[in-house]
Amino acid sequence: MFAARAMTTRIAACQFRANENKLRNFEICQGLVRKAVREGAEVVFLPEGFDYIAASGEEAVAMAEPLDGPSLNRFRSLAKESNVWLSLGGFHEQGPENDRQRLYNSHVLLDSGGSIVSVYRKTHLFQCEIDGQVSLRESKWCIPGREIRRPSQSPAGNIGLMICYDLRFPEISTILAKDGAEILTYPSAFTVPTGQAHWELLLRARAVETQCYVVASAQVGAHNTKRTSYGHTMIVDPWGRILAQCGEEESHVVVADVDLSSLQKVRASMPVQQHRRHDLYTDVQRTPAVS
(Lines give C-alpha, C1' and ligand atoms only; values in the text may rest on other atoms or scores of the structure.)
Protein backbone atom coordinates (compact mmCIF):
# COMPACT_ATOMS: atom_id res chain seq x y z
CA MET A 1 0.00 0.00 0.00
CA PHE A 2 2.84 2.39 0.80
CA ALA A 3 5.60 1.11 -1.47
CA ALA A 4 7.40 4.45 -1.40
CA ARG A 5 6.33 5.71 2.01
CA ALA A 6 8.07 8.78 3.41
CA MET A 7 10.61 8.26 6.18
CA THR A 8 9.27 11.29 8.07
CA THR A 9 5.56 11.88 8.60
CA ARG A 10 3.73 14.31 10.87
CA ILE A 11 1.19 12.93 13.32
CA ALA A 12 -1.10 14.59 15.84
CA ALA A 13 -2.45 13.57 19.23
CA CYS A 14 -5.63 15.19 20.56
CA GLN A 15 -6.86 15.84 24.08
CA PHE A 16 -10.32 16.92 25.22
CA ARG A 17 -13.03 16.36 27.83
CA ALA A 18 -15.86 14.18 26.58
CA ASN A 19 -19.26 13.98 28.22
CA GLU A 20 -22.47 12.07 27.44
CA ASN A 21 -23.42 14.30 24.48
CA LYS A 22 -22.33 12.50 21.31
CA LEU A 23 -22.92 15.38 18.90
CA ARG A 24 -21.06 17.86 21.13
CA ASN A 25 -18.11 15.45 21.39
CA PHE A 26 -18.02 14.94 17.63
CA GLU A 27 -17.99 18.69 16.99
CA ILE A 28 -15.02 19.09 19.35
CA CYS A 29 -13.18 16.20 17.69
CA GLN A 30 -13.96 17.60 14.26
CA GLY A 31 -12.36 20.90 15.21
CA LEU A 32 -9.29 19.16 16.65
CA VAL A 33 -8.86 16.99 13.56
CA ARG A 34 -9.15 19.94 11.22
CA LYS A 35 -6.60 21.87 13.27
CA ALA A 36 -4.23 18.89 13.16
CA VAL A 37 -4.60 18.68 9.38
CA ARG A 38 -3.82 22.38 9.03
CA GLU A 39 -0.62 21.69 10.95
CA GLY A 40 0.35 19.00 8.46
CA ALA A 41 -0.71 15.80 10.27
CA GLU A 42 -1.39 12.75 8.12
CA VAL A 43 -2.48 10.53 11.01
CA VAL A 44 -4.53 11.92 13.91
CA PHE A 45 -5.03 10.10 17.21
CA LEU A 46 -8.10 10.64 19.42
CA PRO A 47 -8.50 9.43 23.02
CA GLU A 48 -10.45 6.61 24.59
CA GLY A 49 -14.11 7.51 24.94
CA PHE A 50 -13.92 10.04 22.09
CA ASP A 51 -17.58 9.27 21.26
CA TYR A 52 -18.88 9.79 24.82
CA ILE A 53 -18.24 9.19 28.50
CA ALA A 54 -21.38 8.32 30.41
CA ALA A 55 -22.13 8.65 34.11
CA SER A 56 -22.52 4.89 34.63
CA GLY A 57 -21.80 1.57 32.99
CA GLU A 58 -25.50 1.00 32.42
CA GLU A 59 -25.84 4.32 30.63
CA ALA A 60 -22.74 3.59 28.54
CA VAL A 61 -24.20 0.25 27.40
CA ALA A 62 -27.55 1.84 26.53
CA MET A 63 -25.81 4.44 24.35
CA ALA A 64 -23.49 1.97 22.53
CA GLU A 65 -23.71 1.62 18.73
CA PRO A 66 -22.54 -0.91 16.14
CA LEU A 67 -19.56 -0.16 13.92
CA ASP A 68 -21.92 0.88 11.11
CA GLY A 69 -23.92 3.21 13.36
CA PRO A 70 -24.28 7.00 13.01
CA SER A 71 -21.47 7.95 15.40
CA LEU A 72 -18.71 6.06 13.62
CA ASN A 73 -20.14 7.04 10.23
CA ARG A 74 -19.66 10.70 11.17
CA PHE A 75 -15.98 10.03 11.85
CA ARG A 76 -15.63 8.02 8.63
CA SER A 77 -16.96 11.02 6.72
CA LEU A 78 -14.59 13.31 8.64
CA ALA A 79 -11.59 11.14 7.70
CA LYS A 80 -12.58 11.18 4.03
CA GLU A 81 -13.38 14.89 3.91
CA SER A 82 -10.12 15.75 5.68
CA ASN A 83 -8.04 13.20 3.74
CA VAL A 84 -6.49 11.99 6.98
CA TRP A 85 -6.09 8.72 8.86
CA LEU A 86 -7.88 8.58 12.22
CA SER A 87 -7.06 6.45 15.25
CA LEU A 88 -10.30 6.26 17.24
CA GLY A 89 -9.44 4.67 20.54
CA GLY A 90 -12.17 3.48 22.87
CA PHE A 91 -15.33 3.47 20.73
CA HIS A 92 -18.32 2.10 22.65
CA GLU A 93 -19.22 -0.77 20.32
CA GLN A 94 -22.54 -2.49 20.89
CA GLY A 95 -22.18 -6.05 22.16
CA PRO A 96 -23.44 -9.12 20.25
CA GLU A 97 -27.13 -10.04 20.25
CA ASN A 98 -26.58 -12.63 22.95
CA ASP A 99 -24.88 -10.09 25.28
CA ARG A 100 -26.54 -6.68 24.94
CA GLN A 101 -25.96 -6.00 28.64
CA ARG A 102 -22.30 -5.28 27.87
CA LEU A 103 -20.27 -3.61 25.14
CA TYR A 104 -16.82 -3.72 23.54
CA ASN A 105 -14.26 -0.98 24.14
CA SER A 106 -12.94 -0.85 20.58
CA HIS A 107 -10.01 0.94 18.95
CA VAL A 108 -10.95 1.66 15.33
CA LEU A 109 -8.37 2.69 12.72
CA LEU A 110 -9.67 4.56 9.66
CA ASP A 111 -7.76 5.36 6.49
CA SER A 112 -7.98 8.67 4.64
CA GLY A 113 -10.86 7.35 2.54
CA GLY A 114 -12.93 6.67 5.65
CA SER A 115 -12.62 2.89 5.43
CA ILE A 116 -12.11 0.77 8.53
CA VAL A 117 -8.58 -0.66 8.41
CA SER A 118 -8.58 -2.51 11.74
CA VAL A 119 -10.62 -2.92 14.93
CA TYR A 120 -8.98 -3.92 18.22
CA ARG A 121 -11.25 -4.76 21.15
CA LYS A 122 -9.66 -3.98 24.51
CA THR A 123 -8.27 -7.14 26.10
CA HIS A 124 -7.21 -5.93 29.56
CA LEU A 125 -10.15 -4.48 31.50
CA PHE A 126 -9.45 -1.86 34.12
CA GLN A 127 -10.12 -2.58 37.79
CA CYS A 128 -8.92 -0.30 40.56
CA GLU A 129 -10.03 0.43 44.12
CA ILE A 130 -8.26 3.31 45.86
CA ASP A 131 -10.08 4.37 49.00
CA GLY A 132 -11.74 7.72 48.56
CA GLN A 133 -10.25 8.28 45.10
CA VAL A 134 -11.01 5.59 42.50
CA SER A 135 -13.54 2.78 42.26
CA LEU A 136 -13.84 1.31 38.77
CA ARG A 137 -14.49 -2.20 37.48
CA GLU A 138 -14.68 -2.20 33.69
CA SER A 139 -15.59 -5.88 33.46
CA LYS A 140 -19.05 -5.13 34.86
CA TRP A 141 -20.13 -3.62 31.55
CA CYS A 142 -17.37 -4.41 29.04
CA ILE A 143 -16.65 -7.63 27.11
CA PRO A 144 -12.92 -8.45 26.97
CA GLY A 145 -11.43 -8.70 23.50
CA ARG A 146 -10.03 -12.05 22.42
CA GLU A 147 -7.39 -11.10 19.88
CA ILE A 148 -4.23 -9.00 19.51
CA ARG A 149 -4.53 -7.38 16.10
CA ARG A 150 -1.46 -7.34 13.88
CA PRO A 151 0.02 -3.89 13.19
CA SER A 152 -1.56 -1.92 10.37
CA GLN A 153 0.50 -0.12 7.73
CA SER A 154 -0.19 3.63 7.64
CA PRO A 155 1.49 6.70 6.12
CA ALA A 156 3.42 7.17 9.39
CA GLY A 157 4.49 3.56 9.85
CA ASN A 158 3.10 0.29 11.18
CA ILE A 159 0.59 1.04 13.95
CA GLY A 160 -0.08 -1.35 16.84
CA LEU A 161 -3.49 -0.81 18.45
CA MET A 162 -4.05 -0.92 22.19
CA ILE A 163 -6.19 0.95 24.72
CA CYS A 164 -5.45 2.59 28.10
CA TYR A 165 -5.04 -0.21 30.72
CA ASP A 166 -3.16 -2.33 28.14
CA LEU A 167 -0.27 0.03 28.91
CA ARG A 168 0.43 -1.91 32.12
CA PHE A 169 0.99 -5.19 30.27
CA PRO A 170 4.28 -5.16 28.31
CA GLU A 171 3.56 -8.56 26.77
CA ILE A 172 1.15 -7.11 24.23
CA SER A 173 3.51 -4.31 23.15
CA THR A 174 6.37 -6.82 22.88
CA ILE A 175 4.26 -9.02 20.60
CA LEU A 176 3.27 -6.05 18.45
CA ALA A 177 6.90 -4.91 18.14
CA LYS A 178 7.90 -8.42 17.05
CA ASP A 179 5.10 -8.28 14.48
CA GLY A 180 6.64 -5.14 12.98
CA ALA A 181 4.98 -2.28 14.87
CA GLU A 182 6.76 1.05 14.67
CA ILE A 183 4.11 3.09 16.49
CA LEU A 184 2.30 1.87 19.60
CA THR A 185 -0.96 3.57 20.55
CA TYR A 186 -2.53 3.94 23.99
CA PRO A 187 -5.65 6.12 23.71
CA SER A 188 -6.67 6.62 27.31
CA ALA A 189 -8.89 8.03 30.02
CA PHE A 190 -6.48 7.54 32.92
CA THR A 191 -7.67 8.36 36.40
CA VAL A 192 -5.95 11.26 38.14
CA PRO A 193 -4.29 9.24 40.97
CA THR A 194 -2.93 6.54 38.65
CA GLY A 195 -1.95 9.10 36.03
CA GLN A 196 0.03 11.19 38.49
CA ALA A 197 1.89 8.10 39.67
CA HIS A 198 2.45 6.07 36.52
CA TRP A 199 1.41 7.69 33.21
CA GLU A 200 4.68 9.15 31.93
CA LEU A 201 6.74 6.36 33.50
CA LEU A 202 4.81 3.62 31.69
CA LEU A 203 4.63 5.39 28.32
CA ARG A 204 8.35 6.05 28.19
CA ALA A 205 9.12 2.51 29.37
CA ARG A 206 7.01 0.98 26.59
CA ALA A 207 8.81 3.17 24.03
CA VAL A 208 12.29 2.27 25.28
CA GLU A 209 11.78 -1.47 25.66
CA THR A 210 10.14 -1.90 22.24
CA GLN A 211 12.11 0.86 20.46
CA CYS A 212 8.85 2.17 19.02
CA TYR A 213 7.16 5.54 18.89
CA VAL A 214 4.38 5.73 21.48
CA VAL A 215 1.28 7.88 21.01
CA ALA A 216 -1.10 8.35 23.93
CA SER A 217 -4.06 10.66 23.37
CA ALA A 218 -5.91 11.30 26.60
CA GLN A 219 -9.16 12.46 28.07
CA VAL A 220 -8.86 15.34 30.56
CA GLY A 221 -10.95 16.95 33.28
CA ALA A 222 -14.27 16.21 34.95
CA HIS A 223 -16.65 14.30 32.68
CA ASN A 224 -19.39 14.13 35.31
CA THR A 225 -19.67 14.05 39.10
CA LYS A 226 -18.21 10.53 39.22
CA ARG A 227 -15.28 10.60 36.83
CA THR A 228 -12.26 12.81 36.13
CA SER A 229 -9.39 12.07 33.74
CA TYR A 230 -5.71 12.94 34.04
CA GLY A 231 -4.92 14.31 30.58
CA HIS A 232 -1.23 14.80 29.70
CA THR A 233 -1.46 13.50 26.13
CA MET A 234 2.01 12.46 25.01
CA ILE A 235 4.10 11.43 22.00
CA VAL A 236 7.36 9.61 22.83
CA ASP A 237 10.16 8.56 20.48
CA PRO A 238 11.97 5.16 20.47
CA TRP A 239 14.74 6.56 22.69
CA GLY A 240 12.21 7.53 25.35
CA ARG A 241 12.28 11.26 24.62
CA ILE A 242 9.02 13.17 24.93
CA LEU A 243 8.48 14.85 21.56
CA ALA A 244 5.20 16.57 22.43
CA GLN A 245 2.78 16.67 25.32
CA CYS A 246 -0.24 18.43 26.75
CA GLY A 247 -0.75 19.37 30.34
CA GLU A 248 -4.31 19.65 31.61
CA GLU A 249 -5.56 21.81 28.72
CA GLU A 250 -8.95 21.01 27.25
CA SER A 251 -9.44 20.75 23.48
CA HIS A 252 -5.77 20.69 22.58
CA VAL A 253 -3.65 19.22 19.76
CA VAL A 254 0.05 18.41 19.76
CA VAL A 255 2.06 17.36 16.70
CA ALA A 256 5.34 15.55 16.15
CA ASP A 257 7.25 14.03 13.26
CA VAL A 258 7.67 10.26 13.12
CA ASP A 259 11.11 9.61 11.61
CA LEU A 260 11.45 5.96 10.65
CA SER A 261 15.13 6.39 9.77
CA SER A 262 15.74 7.53 13.35
CA LEU A 263 13.84 4.50 14.63
CA GLN A 264 16.01 2.23 12.51
CA LYS A 265 19.17 3.85 13.88
CA VAL A 266 18.01 3.29 17.46
CA ARG A 267 17.31 -0.37 16.76
CA ALA A 268 20.62 -0.85 14.93
CA SER A 269 22.68 0.82 17.66
CA MET A 270 21.15 -1.34 20.40
CA PRO A 271 19.50 -4.44 18.89
CA VAL A 272 17.70 -5.53 22.03
CA GLN A 273 15.33 -7.87 20.19
CA GLN A 274 18.33 -9.91 19.08
CA HIS A 275 19.78 -9.97 22.59
CA ARG A 276 16.88 -11.78 24.25
CA ARG A 277 18.02 -14.96 26.03
CA HIS A 278 15.43 -17.50 24.97
CA ASP A 279 17.67 -20.21 26.38
CA LEU A 280 16.91 -18.74 29.83
CA TYR A 281 13.26 -17.68 29.54
CA THR A 282 10.23 -18.31 27.38
CA ASP A 283 9.65 -16.09 24.38
CA VAL A 284 6.46 -14.02 24.44
CA GLN A 285 4.22 -15.34 21.67
CA ARG A 286 0.74 -14.49 20.44
CA THR A 287 -1.84 -17.26 20.73
CA PRO A 288 -4.33 -18.01 17.94
CA ALA A 289 -7.47 -15.86 17.97
CA VAL A 290 -10.29 -17.40 19.99
CA SER A 291 -13.45 -17.81 17.95
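Colleague: Where does cysteine 164 lie?

Modeller: Keep in mind that this is a predicted model. Cysteine 164 sits in the loop that runs between strand E9 (157–161) and H4.

Colleague: Is cysteine 164 buried or exposed?

Modeller: Buried, because its relative accessible area is 8%, and the cut-off for buried is under 20%.

Colleague: What about phi of cysteine 164?

Modeller: Phi is near 40° there, a positive value in a residue other than glycine. Most residues other than glycine have a negative phi.

Colleague: Which other residue has a positive phi although it is not a glycine?

Modeller: Serine 251 has one, at about 50°.

Colleague: What does serine 251 touch, leaving out residues up to four places away in sequence?

Modeller: Gln15, Phe16, Ile28 and Leu32.

Colleague: Which loop holds serine 188?

Modeller: The one between strand E10 (183–185) and helix H5 (192–210). Serine 188 counts as buried because its relative accessibility is 0%.

Colleague: What lies 2.8 Å from a polar atom of the serine 188 side chain?

Modeller: The backbone oxygen of tyrosine 186.

Colleague: Now helices. At what angle do H4 and H5 pack?

Modeller: About 35°, with the axes of helix H4 (residues 170–178) and H5 10 Å apart. Their crossing is right-handed.

Colleague: Which residues meet there, H4 against H5?

Modeller: From H4, Pro170, Ser173, Thr174 and Ala177. From H5, Arg206, Glu209 and Thr210. By class, the contact of H4 with H5 holds two nonpolar, three polar and two charged residues.

Colleague: Other pair. How do the axes of helix H1 and helix H3 cross?

Modeller: At roughly 20°, and the axes of H1 (residues 22–38) and H3 (residues 70–82) come within 11 Å. That angle makes H1 roughly parallel to H3, because angles under 35 degrees count as roughly parallel. H1 passes H3 in a right-handed crossing.

Colleague: What meets what between H1 and H3?

Modeller: H1 brings Lys22, Phe26, Cys29, Gln30, Val33, Arg34 and Val37. H3 brings Ser71, Arg74, Phe75, Leu78, Glu81 and Ser82. The classes in the contact of H1 with H3 are six nonpolar, three polar and four charged residues.

Colleague: Last one. Which helix is the place of alanine 79?

Modeller: Helix H3. Alanine 79 counts as buried because its relative accessibility is 0%.

Colleague: What does alanine 79 touch beyond four places in sequence?

Modeller: Val84, Leu86, Leu110, Asp111, Ser112 and Gly114. As for isoleucine 148, which is 69 residues from alanine 79 along the chain, the two C-alpha atoms are separated by 24 Å.

Definitions and conventions: Residues are numbered from 1 along each chain as its sequence is written. This is a predicted model: local features need pLDDT of at least 70, side-chain atom pairs count only at pLDDT 80 or more; totals for chains, interfaces and linings use all residues. Side-chain values use heavy atoms; hydrogens and water are left out. Helices (H or I, at least four residues) and strands (E, at least two) are DSSP runs, numbered from the N terminus. Buried means under 20% relative accessible area, exposed over 50%, partly exposed in between (1.4 Å probe, protein chains only). A polar contact is a pair of N or O atoms within 3.5 Å; within protein, one must be able to donate a hydrogen and the other to accept it, and residues adjacent in sequence count only if both atoms are side-chain atoms. Axes are lines fitted to C-alpha atoms, for helices over the stretch in contact, and angles run from 0 to 180 degrees between N-to-C directions. Angles under 35 degrees count as roughly parallel, over 145 as roughly antiparallel, 65 to 115 as roughly perpendicular and the rest as oblique. A crossing is left-handed if the near helix is turned anticlockwise from the far one by less than a right angle, and right-handed if clockwise. Contact means heavy atoms within 4.5 Å. Ala, Val, Leu, Ile, Met, Phe, Trp, Tyr, Cys and Pro count as nonpolar, Asp, Glu, Lys and Arg as charged, and the others, Gly among them, as polar.
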